[in-house]
Amino acid sequence: SVWQGAGRPGYTRLHAVVAIVLRPFRVWWRVACGAVHARRGRLVVFDRYTYDALLPITGSWRALKRPYFWVLAHLAPRPDLVLVLDLPGEVAFARKGEFTPEGLEAVRQGFLALVPRLGAQVVDASAPPEQVRDDVVARIRTRHGLIMGRPAAPPAARSGPAPAPPATPR
């Protein structure tokens with residue numbers, strides 16, 4: 001994760017400063033690696049991407065955080081598909097026991113508020129994990145015209161009517 005480190009035992013202010021300085025380079029490096037894989041025809045999936053930086057700014061030093069987070073949020077090119085896994089804060093807390101239900105709910109609401117701006121699709125992540133996985137895979141396949149992991153034939157090369165997109169479980 002781009003935000004890894006904070007809160008770990010032994011994590012000092014020096015670690016925090018170094019992480020702040022290096023974070024844009026880590027983001028750029030990951031995006032560059034993803035671009036190389038994409039050029040090779042591979043599907044690249046990022047978890048979280050840079051959109052955490054678009055969430056409301058909290059804590060101290062907001063005047064410094066605002067331009068820094070703007071840079072982080074705009075360092076990477078816009079992805080082809082943005083999925084927001086929607087999980088109520090209480091359910092997320094019950095599953096992992098990290099943070100607080102209220103804090104997790106606030107982050108959830110922040111991401112849901114970004115959905116129109118990002119052109120994102122919302123996935124119900126409160127469903128069983130297998131169903132969430134199948135929903136995400138179906139959306140990726142639909143977006144990229146993939147059938148059974150391979151690119152679909154161009155419309156002109158298909159015979160008969162175009163196949164219906166896979167149903168999204170709810």
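Is Glu105 buried, partly exposed or exposed? With a relative accessibility of 23%, Glu105 counts as partly exposed, where buried means under 20% relative accessible area, exposed over 50%, and partly exposed in between (1.4 Å probe, protein chains only).

## Basis of the model

This is a predicted model, in which local features need pLDDT of at least 70 and side-chain atom pairs count only at pLDDT 80 or more, while totals for chains, interfaces and linings use all residues. Residues are numbered from 1 along each chain as its sequence is written, and side-chain values use heavy atoms, with hydrogens and water left out.

## Overall architecture

The protein chain holds 5 helices and 4 strands, and its elements follow the order α-α-β-α-α-β-α-β-β from the N terminus on. Helices (H or I, at least four residues) and strands (E, at least two) are DSSP runs, numbered from the N terminus.

Of the 170 residues of the chain, 25% count as buried. Its accessible surface comes to about 12,100 Å², of which carbon and sulfur atoms account for 62%; accessible areas come from the Shrake-Rupley method with a 1.4 Å probe, and for residues only the protein chains shown count as cover. Among contacts (heavy atoms within 4.5 Å) between residues at least 6 apart in sequence, 62% join residues at least 24 apart.

## Surroundings of Glu105

Glu105 belongs to helix H4, and its side chain makes a polar contact with the side chain of Arg108 at 3.0 Å. A polar contact is a pair of N or O atoms within 3.5 Å; within protein, one must be able to donate a hydrogen and the other to accept it, and residues adjacent in sequence count only if both atoms are side-chain atoms.

Once neighbours within four places in sequence are left aside, Glu105 is in contact with Pro88 and Gly89. The C-alpha atoms of Glu105 and Gly89 are 4.0 Å apart in space, although the two residues are 16 apart in sequence.

## Nonpolar cores

The largest nonpolar core has 19 residues, of which Tyr51, Leu54, Phe111, Leu114, Leu118 and Ala120 touch the most other members. H1, H2 and H4 are the elements that give two or more residues to this core, and H4 gives the most, with 4 residues. A nonpolar core is a set of buried Ala, Val, Leu, Ile, Met, Phe, Trp, Tyr and Cys residues joined through side-chain atoms within 4.5 Å.

Leu54, apart from its neighbours within four places in sequence, is in contact with Ala73, His74, Leu114, Arg117 and Leu118. There is also a second, separate core of 5 residues, which includes Ala127, Val132, Val136 and Ile140.

In soluble globular proteins, nonpolar side chains tend to be buried together. Here, a nonpolar surface patch of about 590 Å² is made by Leu14, Val17, Val18, Val21, Leu22 and Phe25. Patches are made of residues with over 30% relative accessible area and no salt bridge, like charges being joined within 9 Å and nonpolar side chains (Val, Leu, Ile, Met, Phe, Trp, Tyr) within 5 Å; a salt bridge is a side-chain nitrogen of Lys or Arg within 4 Å of a carboxyl oxygen of Asp or Glu. Leu14 lies in helix H1, which covers residues 13-39, and is exposed, with a relative accessible area of 62%.

Most residues other than glycine have a negative phi. Trp61, however, has a positive phi near 65°; this residue is found in the loop between H1 and helix H2 (62-74), and is exposed at 63% relative accessible area. Phe99 likewise has a positive phi of about 65° without being a glycine, lies in the loop between helix H3 (89-96) and helix H4 (101-118), and counts as exposed at 67% relative accessibility.
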